[in-house]
Amino acid sequence: MDDSGGDIERGRWPARMLLAERSRLALWLPVELGIGIALYFALTREPAGGAILSLLVVAGGALAWIARAPHALAARVLGGGAAALALGFVAAWAATHRQPPLPDLPRRATMVVGRVAAVSVLSPRDGAGALYVDLADVRLEDPVDDGMPPLRRMVRLRLRADDPAHLSPGMGVRVRAMLRPPMPPAWPGGPDRQRRAWFDGTAGGGYALAMVRRVQDGPAPARGSMEALREAILARILRVLPPDRAGVAAAVLTGSAAPMPQADRDAFADAGLAHLLAVAGLHLGIVMGVAMAAARLLLACSEHASLFWPCRQVAALAGLVAGAAYVVLTGQHLPALRGLTMAALVVLALVTGRRALSMRGLAVGATLLLLTGPGDLMETPLQMSLAAVMALAAGFEAARPALRRLVLDGGWWRRGAIHVAHLALASLLAGGATVPVVMAHFGTLQPWFLLANLLAVPLMAMWILPAGLLAVLLMPLGLEAVALAPMGWGIGVVLELARAVSGWPAARIMVPAMPGWALAAWLLGLCWVCLWTRRWRWAGVGPMAVALVAPFLVTSPDLLVAADGRAVAVRDGSVLRVGPHPGADRVVEADWRQALALPLAALSSGDGRVACREGLCRLAGGRVLLRLPGAATPDCAGVALLVAPGGEGAGCPGVATIDGLSLWQSGAQAVYLRPDGPRVVTDRAVRGARPWVMGPGQHGMPTLPLAEAE
């Protein structure tokens with residue numbers, strides 16, 4: 001052993017551990033990058049320019065240290081970690097400040113003029129498909145905003161159900177609509193839709209009050225445009241398959257599950273099979289695998305190609321081309337584009353003679369994704385993708401010797417069985433790695449997901465999607481029914497499986513909100529288990545176990561007040577009582593239900609913790625008084641906190657108050673009832689003053705006219 005590592009190699013067990021795992025140290029660079037990004041988003045105030053400059057100096061100095069002592073293990077570990085952490089922090093800061101500010105949208109009916117950027121169909125819970133249109137270069141025609149420059153962000157509008165307009169990208173339209181900014185969190189620490197909108201480039205949304213009028217024709221759509229092709233494929237699917245099976249087929253072949261009944265969508269979600277309806281890495285891998293197998297078979301039919309061509313590399317490139325075509329066909333959704341990026345790295349490894357699925361390839365791909373989209377680290381798709389792929393790479397890396405022995409020692413039947421085992425192991429690894437991510441973002445746990453995926457994923461990979469691809473190829477000949485019918489049989493099996501599993505006891509367990517530190521503990525523990533190879537890797541199981549039980553140990557708020565004061569909720573034993581008018585804000589109430597994992601009930605008089613009379617509700621033995629709109633003047637004796645969301649808290653001088661003014665200033669609020677008195681936490685205190693946090697009253701930046709120089 002050489003002594004290039006310096007003192008660290010001669011030190012205690014941490015040094016020996018790093019020396020033994022020195023070939024894996026580079027895999028931790030994207031982890032350090034992610035930690036730097038997460039630290040930036042955890043701040044409550046925007047860092048000053050001097051701090052960013054200092055971080056750049058730290059990164060440069062760390063890299064210079066590595067360059068000065070390239071063979072010293074201490075320099076590589078400390079310098080590389082410091083540089084990656086600083087680079088992640090600066091990348092997140094730069095990505096944030098590249099975005100235009102959120103505009104101040106009018107809170108009244110407004111005439112909206114813009115250019116159609118995209119058209120999509122979503123399936124709401126009422127079962128009727130709703131048409132949404134994304135508008136760019138939006139101008140607002142009202143007395144206040146007339147003559148202002150166009151918005152630098154897109155606006156998404158839901159059109160009327162009876163609107164006959166046929167819209168296409170590039171078309172100029174004019175419509176009277178009601179606009180609203182991105183919603184603030186429904187509770188302090190809840191999902192931050194404003195941060196998501198900041199990085200998505202959207203200004204807000206709304207709904208049309210009248211029919212859309214065309215003011216300018218867009219570019220003439222090509223006969224074979226993607227939108228027209230998707231519509232043609234959907235029409236052919238609906239002609240052959242019944243509606244329930246056609247919805248699944250449309251989801252995997254066109255990227256839209258709008259024709260699928262909502263009951264079946266809920267069954268897929270409850271059974272842990274919702275990922276089969278969203279085009280992402282799984283579907284892309286199946287398509288590329290089918291294309292590569294077909295290409296290898298065709299090349300094997302040619303003696304010249306078999307002898308003189310690099311068939312494996314040619315098949316890999318053919319698979320990448322097929323995957324790219326599939327991503328374009330299904331709408332180029334962000335998870336599919338991320339999967340295509342990772343697939344390109346896999347193909348590059350195959351072409352250059354390296355291992356296809358390797359931890360180093362994952363590290364390169366993760367680094368590219370984090371540097372190009374730092375804000376995506378805080379969202380569900382990227383967290384699930386990275387966790388699943390990392391678990392797959394590490395799991396198959398550990399199981400490769402055993403799987404290879406099974407293939408070499410068995411007959412043809414064992415080779416077929418090993419493919420099924422591969423799919424089952426992939427479901428186990430990817431599903432298990434993403435369980436806490438689903439708990440954190442969706443507030444649910446599907447205990448039977450593993451069994452459902454063990455059956456459904458092989459069917460999707462070996463039957464449903466290959467038959468669907470064959471049907472698309474046969475459509476120009478009018479023979480799509482030959483492949484769509486078998487595809488429908490496979491979909492029928494998966495549908496029955498989803499319906500059966502969703503009806504089993506405890507098929508979907510509601511889980512209280514997982515704190516951010518618990519999700520971070522799970523992801524870091526998973527990295528520790530997957531990125532190391534020695535026995536100490538299992539030390540990462542500890543933080544992972546803590547993360548799984550954290551939602552059930554964290555204290556939940558006793559009272560919640562929405563940012564606009566239209567809804568309040570009180571935790572009353574095993575139910576969450578909502579008032580003053582249940583159903584007035586369905587989105588907020590759904591977030592509350594998910595956060596506390598409790599069913600909703602009306603806020604009324606009862607024998608529990610909540611006692612309401614004439615619009616006055618007393619909690620904690622009368623120390624907290626909730627005054628609903630229209631209630632009489634309260635008796636403030638013994639009251640430590642007055643909650644009056646409908647207006648100003650007049651009537652209790654000298655008492656801490658949550659009223660319309662405090663909600664306007666600080667957003668949603670949560671109250672924790674403690675023996676020493678109520679504790680109030682506000683959304684403004686949790687999120688702080690960040691660029692995506694809208695001002696008091698959820699107002700954005702006014703759209704001002706351009707200066708003369710501009």
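Visitor: Where is Gln698 placed in this structure?

Guide: In this predicted model, Gln698 belongs to the segment that comes after helix H22.

Visitor: Why is Gln698 called buried?

Guide: The relative accessible area of Gln698 is 13%. A residue counts as buried when this value is under 20%, so Gln698, at 13%, is buried.

Visitor: Which cavity has Gln698 among the lining residues nearest its centre?

Guide: That is the largest cavity, which is lined by 14 residues. Asp683, Arg684, Arg687, Met694 and Gln698 lie nearest its centre. Helix H21 (660–666) and helix H22 (683–687) each give at least two residues to this lining. The volume of the largest cavity is about 60 Å³.

Visitor: What is the make-up of that lining by class?

Guide: The lining of the largest cavity has 7 polar, 4 nonpolar and 3 charged residues.

Visitor: How many cavities of 30 Å³ or more does the structure hold?

Guide: There are 2 of them. The second largest cavity has a volume of about 50 Å³. Val138, Arg139, Leu140, Asp145, Met148, Pro149, Pro150, Leu151 and Thr703 line the second largest cavity. By class, this lining has 6 nonpolar, 1 polar and 2 charged residues.

Visitor: What makes such a space a cavity rather than a pocket?

Guide: In a cavity a 1.4 Å probe fits but cannot get out, whereas a pocket is open.

Visitor: Which residues lie nearest the centre of the second largest pocket?

Guide: They are Leu329, Leu469, Leu470, Val472 and Leu473, out of 21 residues that line the second largest pocket. Helix H6 (226–240), helix H9 (281–300), helix H11 (311–329) and helix H16 (449–474) are the elements that give two or more residues to this lining. The second largest pocket holds about 530 Å³ of space. Its lining divides into 20 nonpolar residues, 1 charged residue and no polar ones.

Visitor: Why is Ala597 called buried?

Guide: Ala597 has a relative accessibility of 16%. The limit for a buried residue is under 20%, so Ala597 counts as buried. Ala597 is placed in the loop between H20 and strand S12 (600–602). Although Ala597 is not a glycine, its phi is positive, at about 55°.

Visitor: Is Asp585 buried or exposed, and where does it lie?

Guide: Asp585 lies in the loop between S11 and H20. With a relative accessible area of 10%, Asp585 is under the 20% limit and is therefore buried. Leaving out residues up to four places away in sequence, Asp585 touches Asp564 and Arg566.

Visitor: What is the form of the peptide bond from Gly579 to Pro580?

Guide: The bond from Gly579 to Pro580 is cis, with omega near -5°. Most peptide bonds are trans. Pro580 is found in the loop between strand S11 (575–579) and helix H20 (586–596).

Visitor: Why is Gly615 called partly exposed?

Guide: Gly615 has a relative accessible area of 24%. Buried would need a value under 20% and exposed a value over 50%, so Gly615 falls in between and is partly exposed. Gly615 sits in the loop between strand S13 (611–613) and strand S14 (616–619).

Visitor: Which residues does Gly615 contact, leaving aside neighbours within four places in sequence?

Guide: Gly615 is in contact with Leu626, Arg627, Leu628 and Ala631. Gly615 and Ala631 are 16 residues apart along the chain, and their C-alpha atoms are separated by 4.7 Å.

Visitor: Why is His97 also called partly exposed?

Guide: His97 has a relative accessible area of 42%. His97 is in helix H4 (residues 73–97).

Visitor: What makes the pairing of the His97 and Glu46 side chains a polar contact?

Guide: The distance between these side chains is 2.7 Å. A polar contact requires a pair of N or O atoms within 3.5 Å, and the pair of His97 and Glu46 therefore meets this limit.

Visitor: Which residues does His97 touch, not counting those up to four places away in sequence?

Guide: His97 touches Tyr40, Glu46 and Pro691. From C-alpha to C-alpha, His97 and Pro691 are 8.1 Å apart in space, while 594 residues separate them in sequence.

Methods:
Residues are numbered from 1 along each chain as its sequence is written. This is a predicted model: local features need pLDDT of at least 70, side-chain atom pairs count only at pLDDT 80 or more; totals for chains, interfaces and linings use all residues. Side-chain values use heavy atoms; hydrogens and water are left out. On a 1 Å grid over the protein atoms alone, a cavity is a set of points where a 1.4 Å probe fits but cannot get out, and a pocket is an open set with protein on both sides within 12 Å along at least five of seven lines; lining residues have an atom within 4 Å of a point. Grid points are joined across faces, edges and corners, and a volume is the space filled by probe spheres set on the points. Helices (H or I, at least four residues) and strands (E, at least two) are DSSP runs, numbered from the N terminus. Ala, Val, Leu, Ile, Met, Phe, Trp, Tyr, Cys and Pro count as nonpolar, Asp, Glu, Lys and Arg as charged, and the others, Gly among them, as polar. Buried means under 20% relative accessible area, exposed over 50%, partly exposed in between (1.4 Å probe, protein chains only). Contact means heavy atoms within 4.5 Å. A polar contact is a pair of N or O atoms within 3.5 Å; within protein, one must be able to donate a hydrogen and the other to accept it, and residues adjacent in sequence count only if both atoms are side-chain atoms.
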